[in-house]
Amino acid sequence: MRIITTHKNVDFDALASMMAATVLYPEAIPVMPNNLHPNVRRFLAVHKNVFDSRSIREIDFGQITTMIVVDTCRWDRLEADCRSLAKQEINIHLWDHHPDIGDIEANWCCQKPMGATVTLLLGEIQSQQLPITPISATLFLAGIYEDTGNLSFPSTRAEDALSAGFLLQEGADLSIVAEYLRPAYGKTQKSILFKMLDSSNSFTIGSVKASICKVDIDGHVSNLAVVVDMYREIINADVAFGIFTLKKNGHSIVIGRGCEGTSNIGSIMRTLGGGGHPEAGSAMVKSTGSDQIEEVIRSRINNYQRRDFSIADLMSFPVFYVAPDMSMQHAYQVMLERRCTGLPAIDEDRLVGIISKRDFGKRLKEKDWQKPVKAFMRRDVVTITSGETAEEAVRLITRNDIGRLPVIDKGRVIGIVTRTDLMNYFYDILPS
């Protein structure tokens, strides 16, 4: 058995390097460490079906003959189970961009100073002319951008920039990279976020749910845009504005963030003397109070329609389902025949539960195969209505760590939307 692994607290370069290694070592199994960076965990919650991996506990380490290690050269940065392989005679391939001299003695090694480890693997992928998908290209670009600070860190090499260009040619999506590479925020930003939530002022203009918050600050605060972004997501608004007034001189920093196709933030900010793009903008206002700024923003929010596609356009139908009294053996056969990873359980047109691939894992003993689905199905099913947006579906899937959402209309299941459906939508892979 051959495995691919990386360091604990997996960041985007580590994840990207693991998945790039699967292109070069297609027979190897990616083994994910237990601890993931929060943004990586959020990314995988939506992309699990594409970037599949095994957990440490699913691997029989006695069967391993080769281990491919990426983005580290030290044993102490690997999980304990992987460290145990140091005492076994196995082949080790190592890919790392850190200049440190580590203690992993590899049979084969590619260790060069580089902005990101995934750049090293991409060099070999291009050399062998191996194909990659736009979704993989997006992840690989996130790995490069994270470790190079969007190609701005001193450690960045020409190869990183060339790889970024190659990935953009292969269809990498910069908007998705930006979504998941949100900078961290500290104690000051957290305090401001809590103040915004305490004074949340939401309203609806046309079909646009908006919110404007006014907060006094003592001096310069970095990453206020990140705070506004998080605030908008938490309150589930289409557009959100933060008016941050400096106590010392009364000047206001105005920051706006919004969803695509809702309201033109840049246009609103230009009214205030600033600028930006349709989904993001800012302004420094020196001669106007926060109440007057709020009035200007309210008067300028345009009633743009949401995206053309709703869940009804994205869902799969008709819905294949199982009965709650059906045996687990029969349900598994249905799942295989329909090539599904999960099926709703429906009784007399009523949704009563959902069964997924994970329910057929190791905990299912031989005697359990003849038991009914209702003994193992999840009963607290998370659903969505047909008129909701793809963005809301992503929130539900991410928050609940699930792979599919039954679509409900008048109490009946009329369709189902999966991670794959949502990825096809966000990556513009829609059926004609």
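A strand, as I use the word, is a DSSP run of E with at least two residues, numbered from the N terminus. By that rule Trp108 sits in strand S6, residues 108-111. Keep in mind that this is a predicted model.

Let me start with the sheet that S6 belongs to. The sheet is open and has six strands, in the order S3-S2-S1-S4-S5-S6, with parallel pairing. Strand S3, residues 54-55, and S6 are the edge strands, each pairing on one side only. Inside that order, strand S1, residues 2-6, pairs with strand S4, residues 66-70, in the parallel sense over five bridges. Thr5 has Val69 in S4 as its bridge partner.

Next, the helix on this sheet. Helix H1, residues 12-24, lies across S1, S4, strand S2 (29-32) and strand S5 (91-96). H1 runs at about 165° to S2.

Back to Trp108. Is this residue buried or exposed? Setting aside neighbours within four places in sequence, Trp108 contacts Tyr25, Ile92, His93, Leu94 and Trp95. As for Arg378, that residue is 270 residues from Trp108 in sequence and 46 Å away in space, C-alpha to C-alpha.

The second residue is Arg42, in helix H2, residues 38-47. Arg42 has a relative accessible area of 18%, so Arg42 is buried, the cut-off being under 20%. Which residues does Arg42 touch, not counting those up to four places away in sequence? They are Glu179, Tyr180, Arg182 and Thr398. With Glu179 there is also a polar contact of 2.9 Å between the side chains.

Note on methods. Residues are numbered from 1 along each chain as its sequence is written. This is a predicted model: local features need pLDDT of at least 70, side-chain atom pairs count only at pLDDT 80 or more; totals for chains, interfaces and linings use all residues. Side-chain values use heavy atoms; hydrogens and water are left out. Helices (H or I, at least four residues) and strands (E, at least two) are DSSP runs, numbered from the N terminus. Buried means under 20% relative accessible area, exposed over 50%, partly exposed in between (1.4 Å probe, protein chains only). A polar contact is a pair of N or O atoms within 3.5 Å; within protein, one must be able to donate a hydrogen and the other to accept it, and residues adjacent in sequence count only if both atoms are side-chain atoms. Contact means heavy atoms within 4.5 Å. Two strands pair if DSSP finds at least two bridges between them. Axes are lines fitted to C-alpha atoms, for helices over the stretch in contact, and angles run from 0 to 180 degrees between N-to-C directions.
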